[in-house]
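Me: Hi! I've got a model open and would like to talk through it with you. Could we start with the charged pairs?

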Amino acid sequence: MSNIYDLSVTKRDGSTQSLKDFEGKVLLIVNTATGCGFTPQYKGLEELYEKYHDKGLEILD
């Protein structure tokens, strides 16, 4: 049976990132409109990241 850590994603720069690198972390995976520049949700995401990153939170966009 597969799990999320068996997947890889393509980063904005075209390189590949294995989700295995985030194993053991709490992941919040979001789909934002980064290409259009309309990203008001980043403020809240940054606040969450700052508050919980030391406890293992990673936000993947």
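Me: Which residue does Lys-25 meet in a salt bridge?

Reply: Lys-25 pairs with Glu-58, side chain to side chain, at 3.9 Å from N to O. Lys-25 sits in the loop between S2 and strand S3 (26–29), while Glu-58 belongs to strand S4 (residues 57–60), so this pair ties together parts that are 33 residues apart in sequence. Do keep in mind that this is a predicted model.

Me: Noted. Is Glu-58 buried or exposed?

Reply: Glu-58 is buried, because its relative accessible area is 15% and the cut-off for buried is under 20%.

Me: How many salt bridges does the structure hold?

Reply: Three salt bridges. One of them joins Lys-43 and Glu-47, with the closest N and O atoms 3.0 Å apart. Another links the side chains of Glu-23 and Lys-20 at 2.8 Å, again N to O.

Me: Where do Lys-43 and Glu-47 lie?

Reply: Both are in helix H1 (residues 41–52), and they are four residues apart, about one turn of the helix. Lys-43 is exposed, with a relative accessible area of 60%, whereas Glu-47 is partly exposed at 46%.

Me: And what about Glu-23 and Lys-20, how accessible are they?

Reply: Glu-23 is partly exposed, with 43% relative accessible area. Lys-20 also counts as partly exposed, at 48%.

Me: Why would side chains like these pair up at all?

Reply: Side chains of opposite charge can pair when their charged atoms come close.

Me: New topic. I keep looking at Gln-17; which strand is that in?

Reply: Gln-17 is in strand S2, which covers residues 16–18. With 18% relative accessibility, Gln-17 counts as buried, because the limit is under 20%.

Me: Which side chain does the side chain of Gln-17 join in a polar contact?

Reply: That of Asp-21, at 2.6 Å. Leaving out residues up to four places away in sequence, Gln-17 also touches Leu-7, Ser-8, Val-9, Lys-11 and Phe-22.

Me: What about Ser-15, where does that lie?

Reply: Ser-15 is in the loop between strand S1 (8–10) and S2. Ser-15 is partly exposed, with a relative accessibility of 29%. The Ser-15 side chain makes a polar contact of 2.6 Å with the side chain of Asp-13. Once neighbours within four places in sequence are set aside, Ser-15 is in contact with Val-9 and Thr-10.

Me: Let's zoom out. In what order do the elements run from the N terminus?

Reply: The order is β-β-β-α-β, built from one helix and four strands. The C-alpha atoms fill a box of roughly 35 × 30 × 20 Å along the principal axes.

Me: What share of the residues counts as buried?

Reply: It is 18% of the 61 residues. The accessible surface of the protein is about 4900 Å², and carbon and sulfur atoms account for 52% of that.

Me: Last one: what part of the contacts with a separation of 6 or more comes from residues 24 or more positions apart?

Reply: Those residues account for 37% of such contacts.

Key:
Residues are numbered from 1 along each chain as its sequence is written. This is a predicted model: local features need pLDDT of at least 70, side-chain atom pairs count only at pLDDT 80 or more; totals for chains, interfaces and linings use all residues. Side-chain values use heavy atoms; hydrogens and water are left out. Helices (H or I, at least four residues) and strands (E, at least two) are DSSP runs, numbered from the N terminus. Buried means under 20% relative accessible area, exposed over 50%, partly exposed in between (1.4 Å probe, protein chains only). A polar contact is a pair of N or O atoms within 3.5 Å; within protein, one must be able to donate a hydrogen and the other to accept it, and residues adjacent in sequence count only if both atoms are side-chain atoms. Contact means heavy atoms within 4.5 Å. Accessible areas come from the Shrake-Rupley method with a 1.4 Å probe; for residues, only the protein chains shown count as cover. A salt bridge is a side-chain nitrogen of Lys or Arg within 4 Å of a carboxyl oxygen of Asp or Glu.
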